[in-house]
Amino acid sequence: MSIKDKKYEARIQKYFSKYPDKRSAVMALLYVAQEEYGWVSPEGIAEVAELCEMDPTQVKSIAGFYTMYSEKPKGKYWLQVCTDLPCALKGADEFHKELKEYLGIGEGETTEDGLFTVEHVMCLAACDKAPMLQCNFHYMENLDMEKMKAFIEEKRAEIEQEASRK
Ligand code: FES
């Protein structure tokens with residue numbers, strides 16, 4: 001497990017080719033690290049720092065500043081529910097609460113099977129589609145708990161099928 005693996009080589013070189021110096025690609029490489037490790041882990045920080053020729057402390061401070069980087073392990077599906085005012089007016093708070101209850105977790109927690117993490121976030125600029133969330137940065141809009149239960153059970157079934165094939 002490393003972002004220095006062959007599978008990322010072309011992508012990382014493409015990022016570097018866009019910028020005048022390697023350090024300018026740090027945010028793009030942090031995404032690669034998050035994809036590889038599921039979060040911006042200490043190993044990921046060290047690798048990004050080495051590739052961008054930066055101090056790991058600088059890389060860590062950048063990762064800590066932006067909410068799209070996770071500094072702790074997340075579930076396979078990172079559900080970020082917008083509970084900002086316009087969404088709250090369309091039932092986002094209740095939706096967020098019911099989602100956590102259905103999964104049996106609290107704010108920012110991950111289900112025991114490691115599949116789902118739920119967090120609330122501020123406006124994601126899809127206010128007219130509330131309740132909405134982003135799952136691993138893909139928007140899911142006009143939600144209700146029936147849709148979410150179907151999504152959650154579908155993902156659980158996929159994981160069970162994958163496990164039974166091994
Ligand atoms: S307030 Fe929720 S997307 Fe804007």
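What percentage of the 166 residues of the protein count as buried? And which residues have the most contacts inside the largest nonpolar core?

Reply: The model is a predicted one, and in it 25% of the 166 residues count as buried. The largest nonpolar core has 15 residues, and those with the most contacts inside it are L79, V81, C82, A92, L99 and V118. At least two residues of this core come from each of three elements, namely β1 (77-82), α6 (92-103) and β2 (116-121).

The protein is divided into domain 1, residues 6-65, and domain 2, residues 77-165, and the C-alpha centres of the two domains lie 28 Å apart. Taken along the principal axes, the box filled by the C-alpha atoms is roughly 45 × 45 × 25 Å. Seven helices and four strands make up the secondary structure, and from the N terminus on these elements follow the order α-α-α-α-β-α-α-β-β-β-α. Among contacts between residues at least 6 apart in sequence, 58% join residues that are at least 24 apart.

Helix α1, residues 6-18, packs with helix α2, residues 26-37, at an angle of about 160°, and their axes are 9 Å apart. Angles over 145 degrees count as roughly antiparallel, and α1 and α2 are therefore roughly antiparallel to each other. Their crossing is right-handed, and the residues that meet are Y8, R11, I12 and Y15 on the α1 side and A28, L29 and V32 on the α2 side.

In the second pair, helix α3 (residues 42-52) and helix α4 (residues 56-65) have axes that come within 8 Å and cross at roughly 120°, and the crossing of α3 and α4 is again right-handed. On α3 the contact is made by I45, A46, V48 and A49, and on α4 by P56, V59, K60 and A63.

Most residues other than glycine have a negative phi, and most peptide bonds are trans. A130 and P131, however, are joined by a cis peptide bond, with omega at about -10°, and P131 sits in the loop between β2 and β3 (133-135). In the loop between β3 and β4 (138-140) is N136, which has a positive phi of about 50° although N136 is not a glycine. N136 is partly exposed, with 13 other C-beta atoms within 10 Å. F137, placed in the loop between β3 and β4 as well, has a positive phi near 75°, and F137 is exposed, with 11 other C-beta atoms within 10 Å.

Methods
Residues numbered from 1 in each chain as written. Predicted model: local features only at pLDDT ≥ 70, side-chain atom pairs only at ≥ 80, totals over all residues. Core = buried A, V, L, I, M, F, W, Y, C linked by C-beta atoms within 7 Å. Buried ≥ 20, exposed ≤ 12 C-beta atoms within 10 Å, placed from the backbone. Domains from an automatic or database assignment. Axes fitted to C-alpha atoms, helices over the stretch in contact; angles between N-to-C directions. Parallel < 35°, antiparallel > 145°, perpendicular 65-115°, else oblique. Left-handed = near helix turned anticlockwise from the far one by under 90°. Contact = placed C-beta atoms within 7 Å.
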